[in-house]
Amino acid sequence: MYGIIDCDNCYVSCERVFRPDLEGKPVVVLSNNDGCVVARSNEAKALGIKGGIPYYQLAELFPNEKIAVFSSNYELYGDLTGRVMSLINQEVPAYFRYSIDECFVYFDGFDKGTDFKQWGEALHRKVKQGVGMPISIGIAPNKTLAKVASHFAKKYIGYRHCCVIDSDEKRAKALKLFPVEDVWGIGRRYFRKLNMLGVNTAYDFASRPEDWVRTTFNNIVLLRTWRELNGADCVPNEQLADKQSICTSRSFPGMITSYDELRTHVSNYAVRCAEKLRRQHSVASIVSVFLNTNPFREDLAQYWNSREMRLVTPTNSTIEIAKAASEVLKSIYRQGFRYKKAGVILMGITEETPLQTDLFDINAENIQRMRRLDKVIDRINQTQGSETVVIGAQQYTSKNGIGKANVFANAIKHDFRSKNPSTRITDIIQLT
C-alpha cells in the first residue's frame, strides 16, 4: 500500500495557524507582487472566487464581502510544511516529498493487518494538534489510486480526512466518480482528446482495452497510468533528485531604467540561487542572467537579452555567484529601455564533493574560506530571520547614497504579507 498526504488549501491553512479568527471565513493568498489569487479557502471558493483572478477585481466583483487577503509568504509556508513533514516522518518507514505541501509515504514493514483508515485518522489528529495544519490522506495499492483516494478524503467530510481504496469494488466506485482530467498523469494535454473519444471519467479510461491505449496514444506514461487505474503497481518509486538547473526571477512592480537598481535585484536573485544550491549540497559551473522589457507595452522600445558565464571552478558561494551575475548583467544591460523582468539561472550543477580546482584559478585558495563564511551566514539567517546578514550588493541605494537594509523581501510588492512567528524572533507573538 502507498499513501499520499496533502495539506488542505496549504497557503491558506498556513495563514490561519496564527490567525484562528479566520476559521470559517473567506481567505485568499496572492501571487508574487500581489498580482492574482493563487490560493483560496473553501469559503472563498463558495463565494465564486476563481483561481487566477487579478487582485484588483476582488473589490469590483465582491463589493459586500469581507475577504481576508494575504501576500505570499514562502518563509512561513516552508517552515510550517517542513514541520508537517517532520511529524509524518515519525510515523512511516520512508516518504518522498512530492511538492511543498504533499508527499508519498511507503508502508514497508507495516503489519499486514494494519487498519490504514484508523492510522490515517490518527495521523491527521497528530498533525492538526502539533502544527495546526489540516491534512488529507489517500491510501491505495499504487500511487495513482492513492491520488484518487486523496481527492475524496479532501472533498468529503464523511471520510474524516482519510480515504482508503483497498478493494476492486471501492476502486470501481471511486473511478466512476472521478473526472478523467483530474487523473494524475493525464492532465490538460490528453484529456481533451479523451473527451472527444467518449472518455469522461477515470472508469471510462480504465475500461478501455490496453491495446487501444497503446495504439491511440503511443505514450508510456499514459499506458502506465491506465495500468495503475486497473490496480497494477508500475510507477517506480521516486528518488528525490537534485535540480539540474536553478532559477530565481521576478517581474518588477513597476519598470526600471537604472543599472544600479537592476544590479541589486539581480544580486538578490543570485543569492537566492546560491542558497538553494547549498541546501541540496551542490555546486554550479554556469551563471546565466536574462533581462527583458514589458512585451505588453507596445508603445515602448523592446529589448530582451541573456548571457552566461562559465566559472573556472564550480561553486555555491554567495559572493562568487553574485559577482558573476553582476558581470553578466553588465554585459547585456542597455541604456534607454524600461525593464520589467530579470532573472538568474544556475546550470552545470554537480554534487558538492572535493573538487579538483583549475591550475589557473587564482581564487582556488579562498574556496574553503568562502564555504565557512556561507555556513555561518546561513546559520545566522536561519535562526535570526532571512536577510539578517546580507552582502553589500543586495542593498538598494537611497538618494543620499546610503544602502537600505530591506533587500529581497521588499524587491517585490507584498502589501498584505503576514509575520513569521515560527522563524523570526522579532515576530514572536506576544500575549497582552
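**Entry 1: salt bridges**

I began in helix H4 (residues 74–89), where Arg83 and Asp79 are separated by about one helical turn because they stand 4 residues apart; helices (H or I, at least four residues) and strands (E, at least two) are DSSP runs, numbered from the N terminus. I note that the model is predicted, so that local features need pLDDT of at least 70 and side-chain atom pairs count only at pLDDT 80 or more, while totals for chains, interfaces and linings use all residues. Residues are numbered from 1 along each chain as its sequence is written, and side-chain values use heavy atoms, with hydrogens and water left out.

I then looked at how the side chains of Arg83 and Asp79 meet, and found a salt bridge at 2.8 Å, N to O, the term requiring a side-chain nitrogen of Lys or Arg within 4 Å of a carboxyl oxygen of Asp or Glu. Arg83 counts as partly exposed because its relative accessibility is 38%; under 20% relative accessible area is buried, over 50% exposed, and partly exposed lies in between (1.4 Å probe, protein chains only). By the salt-bridge rule I have a count of 19.

Next I followed Glu102 to Lys147, whose side chains also form a salt bridge, at 3.2 Å, N to O. Since Glu102 lies in strand S6 (residues 102–106) and Lys147 in helix H6, this pair ties together parts that are 45 residues apart in sequence. I record Glu102 as buried, because its relative accessible area is 12%.

For Lys154 and Asp6 I read a salt bridge between the side chains at 3.1 Å, N to O. This pair links distant parts of the chain, with Lys154 in helix H6 and Asp6 in strand S1, 148 residues apart.

Of the 38 residues that line the pocket, Asp6, Asp8, Asn9, Lys45 and Lys154 are the closest to its centre. On a 1 Å grid over the protein atoms alone, a pocket is an open set of points where a 1.4 Å probe fits, with protein on both sides within 12 Å along at least five of seven lines, and lining residues have an atom within 4 Å of a point.

Which element gives the most to this lining? I find that H6 does, with 7 residues, and that strand S1 (2–7), H1, strand S3 (37–40), helix H2 (42–47) and helix H6 (143–155) each supply at least two. By type, the lining divides into 14 nonpolar, 8 polar and 16 charged residues, where Ala, Val, Leu, Ile, Met, Phe, Trp, Tyr, Cys and Pro count as nonpolar, Asp, Glu, Lys and Arg as charged, and the others, Gly among them, as polar.

**Entry 2: loops and backbone**

I checked two histidines for phi. His161, in the loop between H6 and strand S8 (162–164), has a phi near 75 degrees, a positive value in a residue other than glycine. His281, in the loop between helix H12 (259–279) and strand S10 (282–293), has a positive phi near 55 degrees. Most residues other than glycine have a negative phi. His161 is partly exposed, with a relative accessible area of 29%, while His281 counts as exposed at 52%.

I next placed Pro141 in the loop between strand S7 (135–140) and H6, and noted it as partly exposed, with a relative accessible area of 32%. Its C-alpha atom is separated by 8.6 Å from that of Gly3, although the two residues are 138 residues apart along the chain.

**Entry 3: helix H13**

I found Ser331 in helix H13 (residues 318–332), partly exposed at 25% relative accessibility. Between Ser331 and Glu308 I read 9.9 Å, C-alpha to C-alpha, for a sequence separation of 23 residues.
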